[in-house]
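Please look through the sequence and the structure shown here before reading on. The report that follows takes up confidence, the elements, and a few loop residues in turn.

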Amino acid sequence: MSVPASKKSRSAVRRRRSHHAMKAQNVGICAGCQAPLVSHQACTTCGFYKGKQVVDVSRNTARLVKRAQPAAPQAHDHADHDHGDHDQSKKQKNTKSKTKLLPATEEKAS
Ligand SMILES: [Zn+2]
């Protein structure tokens, strides 16, 4: 790793970072569906750009509907494999530590 020739002064660092601020994006309105629209990009709601259908939005809506639904827990039988009891062992460790603490406090009290 190379070593910098001299330390950047606080002033130089702050001067450099004076250009790092983010600017708010210009948001327009879609002519087709009146949805908020990032300029120079196709509408994400209706897929129109400059009055032409350029994006197939039907695929997007199907994906969004699928994403909105809560994921069902994957049920499967445990006949051919074993997950191991890693979750149970964690619980046992926690209970062990608690049981170890309890007798120690009782001994100090007596
Ligand atoms: Zn639109």
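## Confidence in the model

The chain averages a pLDDT of 77, and 73% of the residues score at least 70, where pLDDT is the predictor's confidence in each residue, from 0 to 100. This is a predicted model, in which local features need pLDDT of at least 70 and side-chain atom pairs count only at pLDDT 80 or more, while totals for chains, interfaces and linings use all residues. Residues are numbered from 1 along each chain as its sequence is written.

Among the elements of the chain, helix α1 (residues 10-17) has the highest mean pLDDT, 96, whereas helix α3 (residues 86-109) has the lowest, 53. Where pLDDT is low, the predicted coordinates should not be read in detail.

## Elements and burial

The chain holds 3 helices and 4 strands, and from the N terminus on these elements follow the order α-β-β-β-β-α-α. Here helices (H or I, at least four residues) and strands (E, at least two) are DSSP runs, numbered from the N terminus. Of the 110 residues in the chain, 2% are buried; a residue is buried if 20 or more other C-beta atoms lie within 10 Å of its own, exposed if 12 or fewer, and partly exposed in between, with C-beta atoms placed from the backbone.

Helix α2 (residues 57-68) has 12 residues that should span 16 Å at 1.5 Å a residue, and this agrees with its end C-alpha atoms, which are 16 Å apart; the expected span is 1.5 Å times one less than the number of residues. Because the number of buried residues among the 12 of α2 is 0, this helix lies largely in the open.

## Residues in the loops

Most residues other than glycine have a negative phi. Q34, in the loop between β1 (27-29) and β2 (36-38), has a positive phi near 65° although it is not a glycine, and with 11 C-beta neighbours inside 10 Å it counts as exposed. K50, in the loop between β3 (48-49) and β4 (52-53), is likewise not a glycine and has a positive phi of about 50°; K50 is exposed, with 8 other C-beta atoms within 10 Å.

G32 is also found in the loop between β1 and β2, and is partly exposed, with 15 other C-beta atoms within 10 Å. Leaving aside residues up to four places away in sequence, G32 touches C43, C46 and F48, a contact being two residues whose C-beta atoms, placed from the backbone, lie within 7 Å. G32 and K50 are 18 residues apart in sequence, and their C-alpha atoms are 9.6 Å apart in space.
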